[in-house]
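I set out to look up the ligand surroundings, a pocket and the overall fold.

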Amino acid sequence: MTRSPVWHPFTQHALQPDATLIARGEGAWLETSDGRRILDGISSWWVVTHGHRHPRIVAAIKSQIDLLDQVIFAGFTHEPAERLAGELLQIAPGLSHVFYTDSGSTSVEVALKMALGYWRNIGHPRSRIVALEHGYHGDTIGTMSAGARGVFNAAYEPLLFDVSRLPFPHAGQEQATLDALEAACRTENPAALIVEPLILGAGGMLMYAPHVLAEMARICATHGVLLIADEVMTGWGRTGRMLACEHAQVVPDILCLAKGITGGSLPLAVTLCKASIFDAHHSADRARTFYHSSSYTANPVACAAALANIEIWKTEPVEQRLSAIAGMHQAGLERLSQLPGFSDARQLGTVAAIDVKVNNPGYLADIGPRLYAALIERDVLLRPLGNTIYVMPPYCVTVEDLDRVYSAIADAVQAFD
Ligand SMILES: *Cc1c(COP(=O)(O)O)cnc(C)c1O
């Protein structure tokens, strides 16, 4: 067989085996063409919420494609985008406008541009961005700049802009984070603080308390610094609430949503903002226009899928599913915590994480790929972040499914030494 010409994301082709060919997806399961079934324990990179091919989303996609596939979104609009914007503003009360894009990274780029545009248009240009240590906001140049630096972006470092970094608010050390934010607000004239609310995903499923988020929002408001909530991962129920900001009763100035917005079926993203930010761009002066567009902005089929996703939230017992998963995670983590080799179990809503103790530091570099392989051998798809194993399943996952996941983790780690 000739090697595939496909260059896969985050994949070292010299070291990793050929990609597994997936032919079907259903609910929480992926299926290869030869009938092997693999449990999708990470919702296919955090996007699938209600399960693969939810009938309601599939039906919405099919009926929209027969009406309108795509239309330029400058000078034109369409019903799915108009209706979806209305629904989104009900989900995020306090925000007034919806800007459409097509990926989480782009929604964050738009958020940063909105923030800088706001300051420039009101006549007080500001450009400094404040961000959290270990944060992740995407893989474009701007979002990498706001995110943590490391091996993943070392080659691009010369192009990345400098940001002010707050220490991560580890339990018991929250005040240091808040003090650093306060100092940055007072002395650096920042345009915005960008945070992943309550869970830093790619940074290692690091969790912090809602009161810290509330306090960060208060400090920003006091100093007139814009708060950007990057809920690309935490949105759509992952933390047990529709939005993670709800846990802290925080209304950000700018909100980024993507991943689960279409239930994980099609690419779509939005950046929502407060009226003040829209108003700063609203002018007879063309120079104040918000100059941003993606070719597929507000694709009608993707918008129809997102409307179906919201309909599922309204008509199915989604909240019950979230709390059931939270309960199953607690039991699973308790089980693992009793075994040697695990530490730092943590959980919020449908996201569970635990660290694997590493005795031989030589293992550290490749423990992620080794765990991945050991789990996939057991037909469970998880993608450990270094020595952190996390489980983030679609909401249709069953007790039996999660039982299998936790048994596979216990097995795989114990087979290690
Ligand atoms: C995944 C993610 C992004 C980037 O989203 P893409 O759709 O992959 O571009 C941005 N922010 C957070 C918090 C994410 O988890």
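I began with the side chain of Ser 105, where an N or O atom is 2.7 Å from an oxygen atom of the ligand. The model is a predicted one, and I read every distance here as a computed value. I then turned to Lys 259, which places a polar side-chain atom 2.7 Å from an oxygen atom of the ligand. For Asp 230 I found a polar side-chain atom 2.7 Å from a nitrogen atom of the ligand.

Which residues are around the ligand? I listed Trp 46, Ser 103, Gly 104, Ser 105, Tyr 136, His 137, Gly 138, Glu 196, Asp 230, Val 232, Met 233 and Lys 259. Sorted by class, this shell comprises 4 nonpolar, 5 polar and 3 charged residues.

How many residues line the second largest pocket? I noted 30, and those nearest the centre of the pocket are Phe 73, Val 98, Phe 99, Phe 278 and Phe 290. I then sorted the lining by class and recorded 15 nonpolar, 12 polar and 3 charged residues.

Entry 4, elements behind the lining. I traced the lining of the second largest pocket to helix H3 (79-91), strand E4 (97-101) and helix H8 (275-281), each of which supplies at least two residues. Which element gives the most to this lining? I found that E4 does, with 4 residues.

I recorded 12 helices and 16 strands for the protein. The radius of gyration is 21 Å, close to the 22 Å from the globule rule for 417 residues, so I noted the protein as being as compact as a globular protein of that length. Along the principal axes, I noted that the C-alpha atoms fill a box of roughly 65 × 55 × 45 Å.

Technical notes:
Residues are numbered from 1 along each chain as its sequence is written. This is a predicted model: local features need pLDDT of at least 70, side-chain atom pairs count only at pLDDT 80 or more; totals for chains, interfaces and linings use all residues. Side-chain values use heavy atoms; hydrogens and water are left out. On a 1 Å grid over the protein atoms alone, a cavity is a set of points where a 1.4 Å probe fits but cannot get out, and a pocket is an open set with protein on both sides within 12 Å along at least five of seven lines; lining residues have an atom within 4 Å of a point. Ala, Val, Leu, Ile, Met, Phe, Trp, Tyr, Cys and Pro count as nonpolar, Asp, Glu, Lys and Arg as charged, and the others, Gly among them, as polar. A residue is near a molecule or strand if one of its heavy atoms lies within 4 Å of it. A polar contact is a pair of N or O atoms within 3.5 Å; within protein, one must be able to donate a hydrogen and the other to accept it, and residues adjacent in sequence count only if both atoms are side-chain atoms. The radius of gyration is taken over C-alpha atoms; the globule rule is 2.2 Å times the number of residues to the power 0.38.
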